[in-house]
Amino acid sequence: MKPNPVFYWVVRHLFWLILKVYNRCSVRWLAPLDPNERVIVACNHASNLDPIVVGSFFPRRLRYFAKEELFRSWFLGTSIRALGAVPVSRADNASAAGALKGFMKLYREGSDILIFPEGGRSTDGRLQPLEAGVALIAAHERAPILPAFIKGSFDAMPPGLPFVRPSKIAVTFGRPLRFSDAVYQSKGGRDVIMGELTAAMRALESASS
């Protein structure tokens with residue numbers, strides 16, 4: 001079930017304003033977003049705040065999976081659901097095949113999707129090794145990948161902290177990564193995709209330092 005468009009608009013702009021004022025959040029685009037091209041947004045993950053940050057500043061509605069525990073809080077659950085989150089149980093999340101099929105279904109339904117390819121939150125705020133699921137989805141759906149990097153969310157709300165600090169947050173959206181059918185179809189295509197995505201996200205991390 002897709003979020004109500006009016007409720008989505010209200011929640012997105014509310015968080016946009018809060019993040020702008022409280023966390024002095026800035027956003028930078030290295031290339032314009034093609035209005036006619038759906039993308040997989042691949043972002044680093046250091047805080048439960050990350051999906052709200054990306055969902056508030058990406059100009060279109062994103063769909064993504066979030067662990068069901070986050071929905072136990074009425075405020076957080078309602079907010080991330082409005083921003084496009086789909087609850088997933090711990091058991092379902094543990095099934096790589098199930099998660100991949102779920103992302104493909106969301107993309108096929110016409111949505112931009114958000115993936116945190118590190119597979120979990122970073123414990124020190126630095127970019128962790130990426131898992132190959134994002135390459136499988138991109139290859140299967142012939143989808144471009146938009147790398148993104150959030151700086152400051154770890155300081156604002158590290159794992160275990162139940163509130164948000166007024167730390168400055170900056171979001172950078174990189175250049176979309178597009179690949180030929182030859183890459184998508186080749187045996188080593190996933191390695192090519194992961195190599196380019198890893199390099200792009202590390203470059204964004206370095207530029208944010």
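Mentor: We shall take the cores, then a loop residue, then a surface patch. Please bear in mind that this is a predicted model.

Trainee: Which residues have the most contacts inside the largest nonpolar core?

Mentor: A nonpolar core is a set of buried residues joined through side-chain atoms. Here the largest one has 33 residues, and Val41, Val53, Val54, Ile80, Leu114, Ile169 and Phe173 have the most contacts inside it. At least two residues of this core come from each of helices H1 (5-22), H2 (50-57) and H3 (74-82), and likewise from each of strands S2 (40-43), S3 (62-67), S6 (145-151) and S7 (170-173). Apart from it lies another core of 29 residues, including Ala135, Ile137, Ala143 and Leu197.

Trainee: Which residues is Val54 in contact with, leaving aside its neighbours within four places in sequence?

Mentor: Val54 meets Val41, Cys43, Leu62, Leu114, Ile150 and Phe173.

Trainee: Is Asn23 buried or exposed?

Mentor: Residues under 20% relative accessible area count as buried. Asn23 has a value of 2%, so Asn23 is buried. Its place is in the loop between H1 and strand S1 (26-29). The side chain of Asn23 reaches the backbone oxygen of Arg165 at 2.9 Å. Beyond four places in sequence, Asn23 touches Arg165 and others, among them Ile18, Ala156, Pro166 and Ile169.

Trainee: Which residues make the nonpolar surface patch of about 320 Å²?

Mentor: Val6, Trp9 and Val10 make that patch. Val10 is in helix H1 and is partly exposed, with a relative accessible area of 43%.

Note on methods: Residues numbered from 1 in each chain as written. Predicted model: local features only at pLDDT ≥ 70, side-chain atom pairs only at ≥ 80, totals over all residues. Heavy atoms only, no water. Core = buried A, V, L, I, M, F, W, Y, C linked by side-chain atoms within 4.5 Å. Buried < 20%, exposed > 50% of the residue type's maximum accessible area, 1.4 Å probe, protein only. Helix = DSSP H or I, 4+ residues; strand = E, 2+ residues; numbered from the N terminus. Contact = heavy atoms within 4.5 Å. Polar contact = N/O pair within 3.5 Å; in protein donor to acceptor, adjacent residues only side chain to side chain. Patch = residues over 30% accessible without salt bridge, like charges linked within 9 Å, V, L, I, M, F, W, Y side chains within 5 Å. Areas by Shrake-Rupley, 256 points an atom, 1.4 Å probe, with all protein chains shown as cover. Salt bridge = Lys/Arg side-chain N within 4 Å of Asp/Glu carboxyl O.
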